[in-house]
Amino acid sequence: MAASACIVGKKEGEGPLRDSFDTIIEDSYFGEKTWEKAESTMQKMALQKALEKANLPPTALEFIFAGDLLNQCIGSTFSMRDMGIPFFGLFGACSTMAESLALASMAIDGGFADTAAAITSSHFCTAERQFRFPLEYGGQRTPTAQWTVTGSGAVILTAEGPGPYVKHITCGKIVDAGIKDANNMGAAMAPAAYSTISAHFNDLALRPSDYDLIVTGDLGAMGAEILVDFFKNDGVDISHNYNDCGLMIFSRQEQDVHAGGSGCGCSASVLCGHLLNGMRDGRWKKILFAPTGALLSPTSTQQGESIPSICCAIAISTQK
């Protein structure tokens, strides 16, 4: 990973990770006329900042892997439409940062590219309009509900460089535990996190203690507790080195976010700022980054469908 950058909104900038973000924007519109355009602008800013850090021009990118939460991934497609760079539009819900990293890494490792970008974003206001109600409606939030992060993260991956390095990828399977409550995403996604992280340990003959940090995103308070309990039932305690991006980005006691943060931009912002900066500073040597996504839509929810979920795990190391 040659460089990373993250751009966030005002609420995220008031949280405990404020010093790890490259830019904090006070205006939720990012100078645009709509929140959807704001999200596209936020993605552009994240990519530009990451390229500056990598000391690379946009023309150095051979592929862009990007996604968001909106219909037809308009946040990403509109942000990248003038770039003139081969583009893969992705949707893995809140797991999209890991999906983009996985595919970009495989493209480079397979010899199909030397330089690629992985980008993801979410915006509180666009997500509310997409999945719930317009903000003017003033809907009541349940205790298990999470707050969609306004944020974007971008990583520039190269075939050669100082790291950190993507060492392993465990692509998860779709897991559906039958949860139908769209205001309890953590409970819906926890089984997918358990499935993928368990497969990662089993496939590579690893234990939780082999990592300095295991971090999911974005299970929130409810989902994180469920995940820890799942592993305890197997006689495995991950609580000593486990955390969740949705619990890290906000202060639940002071910021009224209920069960924590969510959205593509949650894990992306935490990874591209706090986590990768910490690895470069020597705080962690090995991290298992395992974002989760709830693969629902307003239509499926209104039709009474359950919530299928996915988790993709990326092992990141400072050692090549």
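Contact, as the word is used at several stops, means heavy atoms within 4.5 Å. This is a predicted model, in which local features need pLDDT of at least 70 and side-chain atom pairs count only at pLDDT 80 or more, while totals for chains, interfaces and linings use all residues. Residues are numbered from 1 along each chain as its sequence is written, and side-chain values use heavy atoms, with hydrogens and water left out.

**Stop 1: F87 and strand β4**

Select F87, which is found in strand β4. Helices (H or I, at least four residues) and strands (E, at least two) are DSSP runs, numbered from the N terminus. Displaying the surroundings of F87 shows that it touches I64, A66, S76, T77 and M80, not counting residues up to four places away in sequence. Is F87 buried, partly exposed or exposed? With a relative accessibility of 31%, F87 counts as partly exposed; buried means under 20% relative accessible area, exposed over 50%, and partly exposed in between (1.4 Å probe, protein chains only). Next, draw a distance from the C-alpha atom of F87 to that of F65: the two are separated by 6.1 Å, although they are 22 residues apart along the chain.

**Stop 2: strand β3**

Now select residues 63-67, which form strand β3. Five of its five residues are buried, so β3 is largely enclosed by the rest of the structure.

Which strands pair with β3? Two strands pair if DSSP finds at least two bridges between them. Strand β5 (residues 115-122) pairs with β3 in the parallel sense over five bridges, and F65 stands opposite A118 in β5. Strand β4 (residues 87-90) also runs parallel to β3 and is joined to it by four bridges. Here A66 has G89 of β4 as its bridge partner.

**Stop 3: backbone features in the loops**

Proceed to C73, in the loop between β3 and α3 (74-80). C73 has a positive phi of about 50° although it is not a glycine, and it is buried, with a relative accessible area of 10%. For another positive phi, select A205, whose value is near 55° in a residue other than glycine. A205 is placed in the loop between α6 (185-204) and β9; it is exposed, at a relative accessible area of 70%.

The bond from G163 to P164 is cis, with omega near 5°, and P164 has its place in the loop between β7 and β8. The bond from G217 to D218 is likewise cis, with omega near 10°; D218 is found in the loop between β9 (213-217) and α7 (220-233).

**Stop 4: the second largest pocket**

Rolling a probe the size of a water molecule over the atoms shows where empty space is left. On a 1 Å grid over the protein atoms alone, a pocket is an open set of points where a 1.4 Å probe fits, with protein on both sides within 12 Å along at least five of seven lines; lining residues have an atom within 4 Å of a point. The second largest pocket has a volume of about 400 Å³, a volume being the space filled by probe spheres set on the points. To find it, select S105, I108, D109, T158 and V166, which are the closest to its centre of the 19 residues that line it. The elements that give two or more residues to this lining are α4 (96-109), β7 (151-158) and β8 (165-171). The most comes from β8, with five residues.

**Stop 5: S309**

Finally, select S309, in strand β13 (residues 309-317). S309 is buried, with a relative accessible area of 0%. Its contacts, not counting residues up to four places away in sequence, include K173, I174, V175, A188 and G293. The side chain of S309 reaches the backbone oxygen of A188 at 3.1 Å.

Key: A polar contact is a pair of N or O atoms within 3.5 Å; within protein, one must be able to donate a hydrogen and the other to accept it, and residues adjacent in sequence count only if both atoms are side-chain atoms.
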